[in-house]
Amino acid sequence: MDSMSELGTGLGAIEGAPTGGAAGIAETAGAGAGRRRARALLRRPTFVISALIVLFWVVAALGWHLFGLDPYGNSGQALAAPSWSQPFGTDNLGRSVFARTLAGADTALAVGPAGAVLATILGSALGVIAGYFRGWVDTALMRVFDVLVVLPPLIFLIVVVGAFGASVPALIVIIGVVFAPGIARIIRAAVLAEMGKKYVTTARLQGESAVRIMAAELVPNVLPTIIIQATLSLSSAILTTATLSFLGLGQQPPSPDWGLAINQNLDFIETAWWTVIFPALAVASLVVSVQLIADNIKETSS
Amino acid sequence: MTVLNPRPGAAGGADSPHGGLPPPIPPGAPRGFSALAERHSRILALLGKRLIQIPLVLLAVSILTFWLIQLVPGDPGRNALGQYATEAQVHAWDVSNGLTGSVVVRYLHWLGGFFTGNWGTSFVYLVPSRPLILGHLENSAFLALYAFVLLVPVSLILGSVQAYREGRRSDRAITITLMALSSVPEFVTGVLLLVVFAVWLKAVPVQSAADATGNFGQRVHAMTLPAVVLAVFYLAVPARMVRTGTVGAITAPFHRTAVLKGLPSGQIVRRHVARNALIPTVQLLGIYLGGLIGSSAVVETLFNYPGLGALLVTAADRKDAVLLTDGVMVTGVIALLALLLTDVCLILMDPRIRFENTES
């Protein structure tokens, strides 16, 4: 399955390309570079706006019940158009679309971050191991990943969710395991580029153990790549959970989840567009913001 | 990428014709004359390797899928016959559907059936799963092909425009737009387009895609919105590949040589830029075509289109193990065939593959 692995490393080369140099800089500069990078990020308007949008949704997710929003109560008026009392209108059961859209951030952010963290830890560990040991360990891992990527990702997810259910803990583990191979490939490519550098040889000659070289030498040097992959997988994790809910395989009614809300209100799209547009814009704003944050980190670390 | 771990078998017959001489170093990496000697066998060797690999990968995928679907909770016999059937009737139904015995026995029973064309009966639809899946597959393939026809020229144009304007504001704007579009779920893009074009502008009917039957013109009209949504979602990566490939080609020394020796620009683009820039893109597009057929589940559900993806979502939702196992295997077969097709295209496009051992 060469072309699959070629594709993997090809994409890895694209994603990982700018960070090869960054790792070199990080190697020599240290903490000062981190602060400089943070300041460079804050000067970028797309980063600041995206971060504010993500912050907004995090506040909505954590605090919607503190603001007195009621996503489940019937206002007595079904499918009412947006007005002063109901800024986003109401759905077919008379529930406030405004309250439901804000409360929907809760389920959208329940799975994504934890799943992305798990996927990043798992993928980075496997990628570093494959890149460091090479040989049969690498070949075996890559062959297993080849089998996992044969099926279209969504089909694979449908099967796995069918088998293990769609509770929040199950989804976190599923996202973690399903996203890990892609991250492992890119980290592997980054580690392979590092392996040719002198500090690895030096560490080996000093008699450092394999675990120490991987954890203390290689991981810090591929950290920019890992951070970018973590952010990118957060965006796809949010997209994936929303998609599963939309397909009816994730959150179940009466949850205010965005994907589910769009699925439930599709029948009313002609008479009450506001019931689908606001959840749709909510998903879009969150995933695009996370994606732009990843992009900005990538740009500033090169 | 550097050549690491050449796989066993990848070297073809590199070490056999050397007689008593020691094999070249490193083993399995033909260089110089040894590469020239076997240039004609390269294509057959590559295809032969694929033809061995594909059934093996498929077997691994089928074991994984079958095992996972066995974990799906539910009592299919009881579901199919209803709550008034006796235990004996449910048991007889289970036996006739190959649902008794150990997982290994059931797997072999299913595998034998799959290869002999006896794919079992869907628990939910109560019809043989083979015609059901193949009918939906045809619809999905039509949609995927339509999306693909939209995707290829647009990604070529956008990618090359970006490459020739590298580093400028328009380059960055296209990159950000495409990235944003690909990170938004298909149902979000779909809903926004539906509201704009179907509800506000009334250019297309809302339930348009539901009529997948009818003559060719009607089908194309009905499927335009779903195909656009699919193409938009998958646009970013191919466009990025075209951009990277084109930037690589126009900054290469051979491009400067071609310009300096006064070749007409059309010829430079055709013979020097396009050929080199397209190689990674073709590879990616082949995989996309295979993936599009399974990945269209969201768009099919959104537009109520009777495709394979939507069928598999229903199968997973209603715990229809037979339909799900067969359908997932079909998507796997298609993805692998697309990969084989990609290899053939690459061999035809890139002479280096015929001569060199291009490992990861």
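**Stop one: a helix pair**

Helices H10(A) and H11(A) cross in a left-handed way (the near helix is turned anticlockwise from the far one by less than a right angle). Bear in mind that this is a predicted model, where local features need pLDDT of at least 70 and side-chain atom pairs count only at pLDDT 80 or more, while totals for chains, interfaces and linings use all residues. Residues are numbered from 1 along each chain as its sequence is written, with chains lettered from A and ligands numbered from 1 in the order in which they are written.

Select 258-265 of chain A for H10 and 274-300 for H11: they pack at about 155 degrees, axes 9 Å apart (axes are fitted to C-alpha atoms over the stretch in contact, and angles run from 0 to 180 degrees between N-to-C directions). That makes the two roughly antiparallel, the term for angles over 145 degrees.

Now show Trp258(A), Ala261(A), Ile262(A) and Asn265(A) on H10(A); among their partners on H11(A) are Pro279(A) and Val283(A). Contact here puts C-beta atoms, placed from the backbone, within 7 Å.

**Stop two: the chain interface**

Next, pick the contact between the chains: 53 residues come from chain B and 49 from chain A. On the chain B side, H15(B) gives the most, nine residues.

Zoom out to find eleven helices and zero strands in chain A; helices are DSSP runs of H or I with at least four residues, and strands are E runs of at least two.

Conventions. Parallel < 35°, antiparallel > 145°, perpendicular 65-115°, else oblique. Contact = placed C-beta atoms within 7 Å.
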